[in-house]
Amino acid sequence: MAGYNEIKGLRVKYLSSDPATSEEGQVWYNSFTGNLRLNGFVLSAFSSGGNRNDGQNDGCGAGTLTAGLAFGGGRNPNSPSSGGLPTQKQSEEYNGSSWAEGGAMSTGRVTFGGFGTQTAALAFGGRITNNTFTYTNATEEYGGSSWTSGGNLGSTAYYMSRSGGGTQTAGVSVGGINNIPGTSNDKRTEEYNGSTWTTVNNMLANSRRTVYLGTQTAGLIASGGPPAPGNNSAFNYDGTNWTAAGVGTVNALSGRVGIGTASAGLLMSGTVPFTQGQNSELWNGTAFANDAITATQRSDGQSSSASTTDAGYVTGGGNPTTPGTALTSTEEYTATIATKLNVTTS
Amino acid sequence: MALFIYGTATNTGKDFFTHTDRQNFYLASHPADVWVIGNNEKGALWLAKKNGVEKTKAEAQALVTAQVTAAQEAWDALSDAEKSRLNRPGPITLP
């Protein structure tokens, strides 16, 4: 039988104790305990979470896996030609297993921007009526039980960046579509200080339906459109300037959601109906890599956008086969790290 | 041996499928509550525990296709404005 040296081209390190730091798959011999040791692997997967009381498509998400918030969006059915229900004002709060009704916004909206936590979230812009389509530049702030008005965006727009983008007092909105005919604000960046939006340096490319990861001073924007079904571009923001990330996402999709930060993030789901709509991608600050897949295709869902990449969720979103309807299911992402195991022959 | 088991089951929410389930067998949902499940002992046991109804691949495909067809007809009836906002549902072929 081939030994470790023949297989790996390396000898197993002979150590008197476990190393303080080790990498996935690293093997060593602990001479004090007499055990062959292995640094295990990250085992990531999506499992089912609590079902929503109402499906929401093209809404926004905030918070964490055990203290999440989903707000706004279109409800099933929302088609204007089917006499559908209006855009939603309502929010729902998640505790890690079930959803409960939260405070209602003053204005129902879809395709808007939003981020934050379960007790301090922000919603801005978006489309507010179905038939005919009308839009808003208004901002609303959530305090954990009710929504209050904030400062207006500098332009009336929809399909701005979603998922992350900072906090209620230090936020950022990127791209989107200006509803004034003949104009475009697809590169527009605005920053919020808790009361006022200020236009700052443009993004480097047109963008809409993108995922923003991180804060107002350390952000990453990825995927989105145009063109349909999406692109794989990624850009960094340092609070002043935009730079190309230098690498792209694996899958060219729009309508994705994310969790994490500019240096450690996860993109989930995306434009349907495409099989890539089940893919997630892990960002380690340097490159994107395919990660666990969801059981259900969905686009334009809501995420626990303030989560770290070891535990989050994606919920709601567009149903891949029924136009204008929204999913009620939730899928929770967890990454379990199996560390420093004894290697046995059993 | 076939790669997949086909069945219908209603997603009841939390713990309907777990992190461990996802590592033990392939699992994907489709319209009409159709699930495609990796064909191993744990996959078969999961469907049984969820009060699922096993289907042949042809039966499962027919359920999915019927819902897709209905969705396409619904999309065709939409206004042009709404069509521009939504993708027409495409065909789904089960693996």
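Which side chain meets that of A:Glu331 in a salt bridge? In this predicted model, the partner is A:Arg298, with an N to O distance of 3.4 Å. The two residues belong to distant parts of the chain, since A:Glu331 sits in strand β32 (residues 330–337) of chain A, whereas A:Arg298 lies in the loop between β29 (288–293) and β30 (302–303), 33 residues apart. A:Glu331 counts as buried because its relative accessible area is 1%, under the 20% limit, and A:Arg298, at 0% relative accessibility, is buried as well. Elsewhere in chain A, salt bridges with shared partners join A:Asp58, A:Arg162, A:Arg209 and A:Asp300 into one network.

In the salt bridge of A:Arg188 with A:Glu190, at 2.8 Å, A:Arg188 is partly exposed at 23% relative accessible area, while A:Glu190 is buried at 3%. Over all chains, the count of salt bridges comes to twelve.

Chain B has four helices and four strands, which follow one another from the N terminus in the order β-α-β-β-α-β-α-α. Its radius of gyration is 16 Å, whereas a compact globule of 95 residues would have a value near 12 Å, and its C-alpha atoms fill a box of roughly 50 × 30 × 20 Å along the principal axes. Of the 95 residues of chain B, 43% count as buried.

Definitions and conventions: Residues are numbered from 1 along each chain as its sequence is written. Chains are lettered from A and ligands numbered from 1 in the order in which they are written. This is a predicted model: local features need pLDDT of at least 70, side-chain atom pairs count only at pLDDT 80 or more; totals for chains, interfaces and linings use all residues. Side-chain values use heavy atoms; hydrogens and water are left out. The radius of gyration is taken over C-alpha atoms; the globule rule is 2.2 Å times the number of residues to the power 0.38. Buried means under 20% relative accessible area, exposed over 50%, partly exposed in between (1.4 Å probe, protein chains only). A salt bridge is a side-chain nitrogen of Lys or Arg within 4 Å of a carboxyl oxygen of Asp or Glu.
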